[in-house]
Amino acid sequence: MTKAIRQDRIFIFLCPIIAAIFSYFVFKGLFGKYNIIISSTDGLDDCKLMLDIWGTLLGFLITAVSLFLTIGDGKYMNTLKSSGHFTTVLYSYVICCIHLFFAVIFALTVIFIKIWSMTVFTILCAVVVDTLIIVAICLFFLFCIVINTNK
């Protein structure tokens, strides 16, 4: 594993988490400053919506990882594999699956236990930021693969 690949993997792992922690404090400050209150009914509906989205994304990403593992040989795929970037792409997808899995667990816990507060809403917002960033990283890799496949 080269130094660049190691740095890429550290970035893929830490970037969404750091952004989520930062956004938690930003949202907490904004909600407190503007005295925003989300009702329990609205909050649980938001959790249900995010659960649907995260579950769908998780299913898509598990399928994508399966497809990447079974992709045949091609000029671009062989280049990816020989350079070590193929494992980085798979790493980003697996990390994304883990983030989405924990997001699903969080939403299920909130929905089933019916706990709600502005702190829970702030955590929900931070988890949304986390999953948006990690999914964006995976989409970036997907678009790079699709664009370069026929070269």
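Leaving aside its neighbours within four places in sequence, which residues is Tyr-93 in contact with?

## Contacts of Tyr-93

In this predicted model, Tyr-93 is in contact with Leu-61, Ala-64, Val-65, Phe-68, Cys-138, Phe-141 and Leu-142, once neighbours within four places in sequence are set aside.

## The largest nonpolar core

Tyr-93 also belongs to the largest nonpolar core, which has 42 residues. Together with Trp-54 and Leu-124, Tyr-93 touches the most other members of this core. At least two residues of the core come from each of H1, helix H2 (40-70), helix H3 (75-83), helix H4 (85-113) and helix H5 (118-148). H4 supplies the largest share, 14 residues.

In soluble globular proteins, nonpolar side chains tend to be buried together.

## Helix H1

Helix H1 covers residues 3-33. From its first C-alpha to its last, H1 reaches 43 Å, close to the 45 Å expected for its 31 residues at 1.5 Å a residue. The helix bends by about 30° at Leu-14, and Pro-16 follows within four residues. Just after H1, Asn-35 has a positive phi of about 50°.

The buried residues of H1 pack against H3, H4 and H5. Pro-16 is one of these buried residues, and others include Ile-5, Arg-9, Ile-12, Tyr-24 and Phe-31.

## Arg-6

Arg-6 lies in H1. Its relative accessible area is 42%, so Arg-6 counts as partly exposed. Between the C-alpha atoms of Arg-6 and Thr-88 there are 8.8 Å in space, although the two residues are 82 apart in sequence.

Note on methods: Residues are numbered from 1 along each chain as its sequence is written. This is a predicted model: local features need pLDDT of at least 70, side-chain atom pairs count only at pLDDT 80 or more; totals for chains, interfaces and linings use all residues. Side-chain values use heavy atoms; hydrogens and water are left out. Buried means under 20% relative accessible area, exposed over 50%, partly exposed in between (1.4 Å probe, protein chains only). A nonpolar core is a set of buried Ala, Val, Leu, Ile, Met, Phe, Trp, Tyr and Cys residues joined through side-chain atoms within 4.5 Å. Contact means heavy atoms within 4.5 Å. The expected span of a helix is 1.5 Å times one less than its number of residues. The bend at a residue is the angle between axes fitted to the seven residues ending there and the seven starting there.
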